[in-house]
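Take your time with the model below, and keep the sequence beside you as you read. The questions that follow go from single side chains to the whole chain.

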Amino acid sequence: MQIDKLRGKALDQLFEAVLSLKDLEECYMFFDDLCTMNEIQSLAQRLEVARMLREGKTYHKIESETGASTATISRVKRCLNFGNDAYQMALDRVHGNKEETK
């Protein structure tokens with residue numbers, strides 16, 4: 001994993017803080033304090049790109065609907081194909097949770 005290069009006390013603290021958040025409202029408050037609006041939008045955009053790629057959407061469709069660059073779309077696709085399956089895991093869990101509450 002690429003992130004292993006950053007592994008340490010500070011990153012552990014960040015991830016433990018994220019894991020401690022109890023609901024969406026706490027996430028909004030924490031990320032509002034932690035990140036710039038552009039950083040939050042970029043993270044959300046990447047997850048949306050991953051969702052759309054999983055659905056088989058074209059680069060053109062993804063670019064026009066999300067505003068993501070082809071470089072961002074390519075990077076997310078590379079992670080989907082050769083990464084740690086974390087996008088898959090997170091999207092499955094999010095969509096699974098939404099299905100359970102319907």
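Q: What is the relative accessible area of Lys-57?
A: In this predicted model, local features need pLDDT of at least 70, side-chain atom pairs count only at pLDDT 80 or more, and totals for chains, interfaces and linings use all residues. A residue is called buried under 20% relative accessible area, exposed over 50%, and partly exposed in between, with a 1.4 Å probe and protein chains only. Lys-57 is partly exposed because its relative accessible area is 30%.

Q: With which residue does the side chain of Lys-57 meet in a salt bridge?
A: A salt bridge here is a side-chain nitrogen of Lys or Arg within 4 Å of a carboxyl oxygen of Asp or Glu. The side chain of Lys-57 meets such a partner at 3.1 Å, N to O. The partner is a partly exposed residue with a relative accessible area of 46%, and its name is Glu-55.

Q: Which residues are linked with Glu-55 and Lys-57 in a network of salt bridges?
A: Another salt bridge brings in a pair whose closest N and O atoms are 2.5 Å apart. Together with Glu-55 and Lys-57, the network links Glu-48 and Arg-51.

Q: Why are Glu-48 and Arg-51 separated by about one helical turn, and in which helix do they lie?
A: Helices are DSSP runs of H or I with at least four residues, strands are runs of E with at least two, and both are numbered from the N terminus. Glu-48 and Arg-51 are separated by about one helical turn because they are three residues apart in a helix spanning residues 37-54, namely helix α3.

Q: Which residues does Glu-63 touch, not counting residues up to four places away in sequence?
A: Glu-63 is found in helix α4, which covers residues 59-66, and it counts as partly exposed at 36% relative accessibility. A contact means heavy atoms within 4.5 Å. Leaving out residues up to four places away in sequence, Glu-63 touches Ala-68, Thr-70 and Ile-73.

Q: Which helix gives the most to the nonpolar patch?
A: A patch is made of residues with over 30% relative accessible area and no salt bridge, where like charges are joined within 9 Å and nonpolar side chains (Val, Leu, Ile, Met, Phe, Trp, Tyr) within 5 Å. Met-1, Ile-3, Leu-6, Leu-14, Phe-15, Val-18 and Leu-34 form the nonpolar patch, with about 610 Å² of accessible area together. Among them, Phe-15 is partly exposed at 39%. The helix that gives the most, with three residues, spans residues 9-20 and is helix α1.

Q: What value is phi of Asp-85 near?
A: Most residues other than glycine have a negative phi. Asp-85 lies in the loop between α5 (70-82) and α6 (86-101), and it is partly exposed, with a relative accessible area of 46%. Its phi is a positive value in a residue other than glycine, near 65°.

Q: How far apart do the centres of the positive and negative side chains lie?
A: Lys and Arg count as positive and Asp and Glu as negative, while His and the chain ends are not counted. The place of each charge is taken as NZ of Lys, CZ of Arg, CG of Asp or CD of Glu. The protein has 15 positive and 17 negative side chains, and the centres of the two sets lie apart by 7 Å.

Q: What share of the 102 residues in the protein is buried?
A: The protein has six helices and zero strands, and its C-alpha atoms fill a box of roughly 40 × 40 × 25 Å, taken along the principal axes. Of the 102 residues, the share that is buried is 15%.

Notes. Residues are numbered from 1 along each chain as its sequence is written. Side-chain values use heavy atoms; hydrogens and water are left out. Accessible areas come from the Shrake-Rupley method with a 1.4 Å probe; for residues, only the protein chains shown count as cover.
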